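I opened this notebook to record what I looked up about how the chains meet and how they are arranged. The entries follow the order in which I checked things.

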There are 2 protein chains.
Amino acid sequence: MQIADLLKANRERKFFAHYNENPKAYNEDLNASGLNAFQTKLNSNFTLPGNPNTSNFYGEEISPYLQTGLGIHYPKLSADELISNANSAFNQWRKLSPQQRFDILFETLDAVSKRFFEIAYATMHTTGQSFLMSFQASGPHACDRALEVMVTGIEQLQYYPNEVDWVKNMGKFDLTLHKNYKAVPKGIGLVIGCSTFPTWNTVPGVYADLITGNSVIIKPHPKAVYPIAIFVEEMQNVFIKHNLNPNIVQLAIDSTTEPITKILAEHPDVKLIDYTGGNTFGDYVESLGKTCFTEKAGINSVIVDSCQNFNAVAQNIAFSFSLYSGQMCTAPQNIYIPESGVNTPDGVISYENAVEGIRMALKGLMENPKAAAPTLGAIQNDGTISRIEDKIAQHQAQTIQLDVKVENAEFNTARMRVPSIITTDAADSSTYMQECFGPLVFIVKTSGFDETLKIVKDSAAKHGAITCLAYTTDKSKMEQIEDEMNSVFTPVSFNFTGAAFVNQHAAFSDLHVSGGNPSGNATFTNAEYINKRYIWIGNRYML
Amino acid sequence: MQIADLLKANRERKFFAHYNENPKAYNEDLNASGLNAFQTKLNSNFTLPGNPNTSNFYGEEISPYLQTGLGIHYPKLSADELISNANSAFNQWRKLSPQQRFDILFETLDAVSKRFFEIAYATMHTTGQSFLMSFQASGPHACDRALEVMVTGIEQLQYYPNEVDWVKNMGKFDLTLHKNYKAVPKGIGLVIGCSTFPTWNTVPGVYADLITGNSVIIKPHPKAVYPIAIFVEEMQNVFIKHNLNPNIVQLAIDSTTEPITKILAEHPDVKLIDYTGGNTFGDYVESLGKTCFTEKAGINSVIVDSCQNFNAVAQNIAFSFSLYSGQMCTAPQNIYIPESGVNTPDGVISYENAVEGIRMALKGLMENPKAAAPTLGAIQNDGTISRIEDKIAQHQAQTIQLDVKVENAEFNTARMRVPSIITTDAADSSTYMQECFGPLVFIVKTSGFDETLKIVKDSAAKHGAITCLAYTTDKSKMEQIEDEMNSVFTPVSFNFTGAAFVNQHAAFSDLHVSGGNPSGNATFTNAEYINKRYIWIGNRYML
């Protein structure tokens, strides 16, 4: 793979993937050896090459499938040790050329790719994702996101020439200055992970810091360390192979009761922070006045106006909010349907029939023994279930709960919950106008298209939105939705049915989070995601 | 001029100028008609095409040469009127394509270029700059900076394709999504000008906002309105010619006693702020949590270690701090000389002789009747003189004051002051470690190169620096200075003598302000200077 081809793919935005997302495309032995590696890790110390002498180990991960602790313990360093290591490593790493960094980082991804199956099991048993999502999201998709970042990085770092002679005619003579241009990295980057997508959401920030010459401390969620620890191990091994300081990337381990994140975030040597997680901590990160890249929560809406085939629409919506039990930041939450119903070529589907259609689509999915359990995965933690149960208790009469029990054939202890639907009127905004993470969605009855669009737009502007799914066959409404939603910096996916799901954001094509509304201040991956991590400096020499 | 050529010039960083900086290159009549236009404006209302019906006019400019009021009054609108106008104009302007915006903005610069001489007189009599600097900085150099911004803008806005078909093979079928990519502008931009460079420091932000589709409110310093008012007039005329709302750009007039800036800056519809000026207000702007681009103050240092010809060095330094009486943000302030003196091929120049050499170079410049007055220009306001006099009063014994009186032959009322030099020891940091705007510099005696570099680096990191001038013939010290100063995000100019001056930052080659130290958070002009003004949005359609 030539850099020129990657640069071209990144600009073109057509389909492009460097790592194959299909587990079946890999050598069959890899699955077995990955599973074996996973099983061997349980109840043991996960040593890292960067900290061979550490005696302090800690871990508190619990499998959402087994509902027992994994017993894996990771090297636990103090904030001071981490910062000191990161400073030493920074002073070495920053001196490499962008091309040298690119080549080494590319090697790290290739090393990681050998362990995609172990990463998949590690992800399953920390996040609760299904095997397939775990494999794809934490392995090939994460690596493609990292590669996209590296490609954008090398492009930006080559924006100015390394050096140039500037010759100005002054009338009687030429004034010549020799100039150089340097992309000077900012220092230490802290990357704070989340419990649901421990590599997909983490590696873009890590590789963005690294390609631009910063050193990195990864602070994963204490309940989802294992998948990213594999990345750190492979990266450190590659650094050592190149006679580099392995602590160019480090893993910061803390506990739920004694978190280390704020100590690291507030340390003056930490210049960059990448964060994925809840709004409260995200707002804190943004308030520190450092260069930061946040992905927080939003409320994702579905606009239902008109369609060709309502069943196909209902199935698509039901799948999108059921996938990984609504624990994706891209999952729809509020589904807006006009009281006058949904226009189709076969006539109007009444509001009541539209609600029933979505209920039936969900029921069909949940009663499909092959599809239900892999779609839902498991719930990452008990907190998600109790928040949803509280909400349902408040709105019992409006709640549609299916009388279906989904079993996971492989793990009968899996923490699962069939998604619920609360129906509500547009006026009852206190019911639905807040993020409700997990397997619960709201169907909101509106007076019509204009009210729907107004509410959805205000919702994105005030509460943030990462996605918006819209169904309309009316060209002028399409344009209006796009213009209004884009004006509050929310992208729109139109008329998705079949295999197209609003949840999925593909590397080298889709911008993940716009950075323009309260759901986050950054994007995977635009030029700004790279450029804020270093400063261009131009020096001038008179020769 | 083709955009492709401009894009190439912008990337290459070689010498490039679209507008001629030499007043003699222009038709001779233009000077006379520019002067006449200036004289006609005095004591009258400056009407603007965007506000034909305004009856409220205000102005308080005072000529630093005449030390009398100009009597020009500008249309004064309320903050609410300005915001309302800007919102209407935004909804029209944002819908134009980047190419359409580029063409129209290019026309505005060409219209402005017809008035370079009037702009020069307007700049002289508001800022106190000499005629030549006024002409160059406010006219061709400002327009080249604006053009550089537009070129960077159009390049960035074309980063992604307008639309693309994304085709993913799903095994048995292809999934095709039609995607578009839109650079959505943020809203209203507020550009806050300063009293010393009312167009050069203002137009980059204005054209950056405009090329990316935002509307702009320019809030000039109430003592330096006239030069930028000419830009606004010409821009509004071009907008009207294209049947566009003239208030795409507006002029916000306020008074020293009733400032409007905070009201505008805090208005929720103002999404972008560009600011040039003092640190206190700059810190306030940065604290608002909006997208902002600041150029504040710093302390610019000169490192003297060794050189080929100390006289040439002394002359260069003396000219650089005398130019426009030290009122340039790029002017050197603190000159560090080791107590052991300065190495030259002809032997060591002792510290005392080095100080004397700088004094003599300044004396030579001030006693040159052709050079002195045009170099100094005039002091923009009395506050600058009183601050310097206070400082000198505190350090009378250490102050070198020349017994030279510089007269301005044309304006015997010009507010002038020959630069003073305070000599001090490195230990007395309270003497020199703060910005001292105007015709006063400090020569700081250090224990040697290591102490010099340590102080200069700390100074840049803590107080900011826009420039650093260094003299050394030692290759390893050059590398060390570059590495250490670049690490605190300060560019270095090495061994400038003759016609090379640290003060000058050329469009299409020099990055003005790094954005990485306390002297400011942005750069004229990198990609980030453009990209923060809009949000990339990608929409997806299933066809």
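For the symmetry, I took copies as superposed by least squares on the C-alpha atoms of residues with pLDDT of at least 70 in both. I kept in mind that this is a predicted model, in which local features need pLDDT of at least 70 and side-chain atom pairs count only at pLDDT 80 or more, while totals for chains, interfaces and linings use all residues. Residues are numbered from 1 along each chain as its sequence is written, and chains are lettered from A and ligands numbered from 1 in the order in which they are written.

Entry: symmetry. I found that chain B is superposed on chain A by a rotation of 180° with 0.0 Å of shift along its axis, at an RMSD of 0.0 Å. The two copies are therefore related as by a two-fold rotation axis. I then asked which residue of chain B comes closest to the rotation axis; this is Glu528(B), whose C-alpha lies at 3.1 Å.

Entry: the contact between the chains. Counting two residues as in contact if their C-beta atoms, placed from the backbone, lie within 7 Å, I noted 52 residues from chain B and 51 residues from chain A. With helices (H or I, at least four residues) and strands (E, at least two) taken as DSSP runs numbered from the N terminus, the elements of chain B that give two or more residues to this side include β3, β4, α17 and α18. The most comes from β19(B), with eight residues. By class, I recorded 26 nonpolar, 15 polar and 11 charged residues on the side of chain B that touches chain A, where Ala, Val, Leu, Ile, Met, Phe, Trp, Tyr, Cys and Pro count as nonpolar, Asp, Glu, Lys and Arg as charged, and the others, Gly among them, as polar.

Entry: strands. I used the rule that two strands pair if DSSP finds at least two bridges between them. Within chain A, β3 (residues 163–169) and β4 (residues 174–185) pair in the antiparallel sense over seven bridges, with Asn180(A) in β4(A) as the bridge partner of Glu163(A). These two strands form a hairpin with four residues between them, and Gly171(A) in the turn has a positive phi of about 95°.
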